[in-house]
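Here is a briefing on one protein model. Please read it beside the sequence and the coordinates.

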Amino acid sequence: MSALLVPCKAGPLTFEQNLKLNIPAIDQQHEQLFRLAIGINETLQSGATEDAVRMNALELEAYVQEHLVYEEKLLSSNHYPQQKSHRLAHARFVATSHKIQDELARCSGPACIAKAPQLFDLLTTWLCDHIMNVDRLAVDFMVPRANAPTPRNARFQISGRALIEFQPGIGITGRLENVGHSGLFLHIPPPLPEWVKPNAAAKIRLLPLDQTVGRTCTVVRIDPRQGIALSLPDGLSVDHIFKLVKHTSHSSR
Ligand SMILES: [Fe+2]
């Protein structure tokens, strides 16, 4: 991956030198969040369609949710004394982000595309500030006690992700946890949206290399606390998944 330059409020900062916290799983998630936000900006600059903007915004929102849940578990498992105020900072950000997401879901035409930069600005500005002032405090407390939850897919050495779209613009992302010959399991942190139903048909895209191809799949099982099992879509072999996963994987620990 190329070096990441983040447009923070005070000016562009290098992720590696200025924003890394030295907890690999958290750094990896922060970096991915910045890359998703920057991806939205690049999509806009290259003449985005409404659908592309919504798809990027949806992916960003789902990943934000997954990251914050992970980080809050880490704070809790390390008995961080300031976790209440830290969670409150997350909640305030989520509320603002939801407002923009709602507007994006309801807008149409050029007005819709004009909304998207707000999402990019909000995420990059908030995350820079939050990492440097709030997360860093938590890390200073936790590093001597580092007790990061191990991803359940660690034994497979994979950390691929997939976007499952149930209707155009309505979807969720999850982490590939298990891939077999008849299906795959996606870890999705609770709460699962109520529109995720058993036997629902959806389109699956492996991220980020497979975004242009949406393959039909079906929800075969729902575990409200862990995620969803999906039938293996036609045209998506185990070998193909592992090839994509290999390209998209990074060390989770
Ligand atoms: Fe945080």
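Where is L21 found? L21 sits in the loop between α1 (15-19) and α2 (24-45). The model is a predicted one: local features need pLDDT of at least 70, side-chain atom pairs count only at pLDDT 80 or more, and totals for chains, interfaces and linings use all residues. Numbering starts from 1 along each chain as its sequence is written.

**Overall build**

- The protein has six helices and eight strands. Helices (H or I, at least four residues) and strands (E, at least two) are DSSP runs, numbered from the N terminus.
- Along the sequence the order is β-β-α-α-α-α-α-β-β-β-β-β-β-α.
- Of the 253 residues, 31% count as buried. Buried takes 20 or more other C-beta atoms within 10 Å of a residue's own, exposed takes 12 or fewer, and partly exposed lies in between, with C-beta atoms placed from the backbone.
- Among contacts with a separation of 6 or more, 62% join residues 24 or more positions apart. Two residues are in contact if their C-beta atoms, placed from the backbone, lie within 7 Å.

**Confidence**

- Mean pLDDT is 78, and 81% of the residues reach 70 or more. pLDDT is the predictor's confidence in each residue, from 0 to 100.
- Residues 145-158 stay under 50 in pLDDT, and the model gives them 25 contacts beyond four places in sequence.
- Residues 248-253 are also below 50, with 19 contacts in the model beyond near neighbours in sequence.
- Where pLDDT is low, the predicted coordinates should not be read in detail.

**Helix α5 against α3**

- Helix α3 (residues 50-77) packs on helix α5 (residues 110-142) at about 15 degrees, with axes 11 Å apart. This makes α3 roughly parallel to α5.
- Axes are lines fitted to C-alpha atoms, for helices over the stretch in contact, and angles run from 0 to 180 degrees between N-to-C directions. Under 35 degrees counts as roughly parallel, over 145 as roughly antiparallel, 65 to 115 as roughly perpendicular and the rest as oblique.
- The crossing of α3 and α5 is left-handed. That term applies if the near helix is turned anticlockwise from the far one by less than a right angle; clockwise is right-handed.
- On the α3 side, E50, V53, A57, L60 and L75 take part; they meet C112, I113, A116, L119, L123 and A138 of α5.
- By class, the contact of α3 with α5 has 10 nonpolar, no polar and one charged residue. Ala, Val, Leu, Ile, Met, Phe, Trp, Tyr, Cys and Pro count as nonpolar, Asp, Glu, Lys and Arg as charged, and the others, Gly among them, as polar.

**Helix α5 against α2**

- The axes of α2 and α5 come within 9 Å and cross at roughly 155 degrees. The two helices are therefore roughly antiparallel.
- The crossing of α2 and α5 is left-handed.
- Contact residues of α2 include H30, L33, F34 and N41, while those of α5 include P117, F120, T124 and I131.
- The contact of α2 with α5 holds 13 nonpolar, three polar and no charged residues.

**Helix α5 against α4**

- Helix α4 (residues 83-106) and α5 cross at roughly 175 degrees, and their axes come within 10 Å. That makes α4 roughly antiparallel to α5.
- From α4, the contact residues include H86, F93, I100 and E103; from α5, they include K115, Q118, W126 and H130.
- The contact of α4 with α5 divides into 11 nonpolar, five polar and two charged residues.

**Loop residues**

- L21 is partly exposed, with 17 other C-beta atoms within 10 Å.
- L21 and R136 are 115 residues apart in sequence but 6.6 Å apart in space, C-alpha to C-alpha.
- Leaving out residues up to four places away in sequence, L21 touches I26, D27, I131, D135, R136 and V139.
- N22 lies in the loop between α1 and α2. Its phi is near 65 degrees, a positive value in a residue other than glycine. N22 counts as exposed, with 9 C-beta neighbours inside 10 Å.
- N199 lies in the loop between β5 (183-187) and β6 (201-207). Phi of N199 is positive, near 70 degrees, in a residue other than glycine. N199 counts as exposed, with 9 C-beta neighbours inside 10 Å.
- S237 is in the loop between β8 (227-231) and α6 (238-248). S237 is exposed, with 12 other C-beta atoms within 10 Å.
- S237 and V179 are 58 residues apart in sequence and 9.9 Å apart in space, C-alpha to C-alpha.
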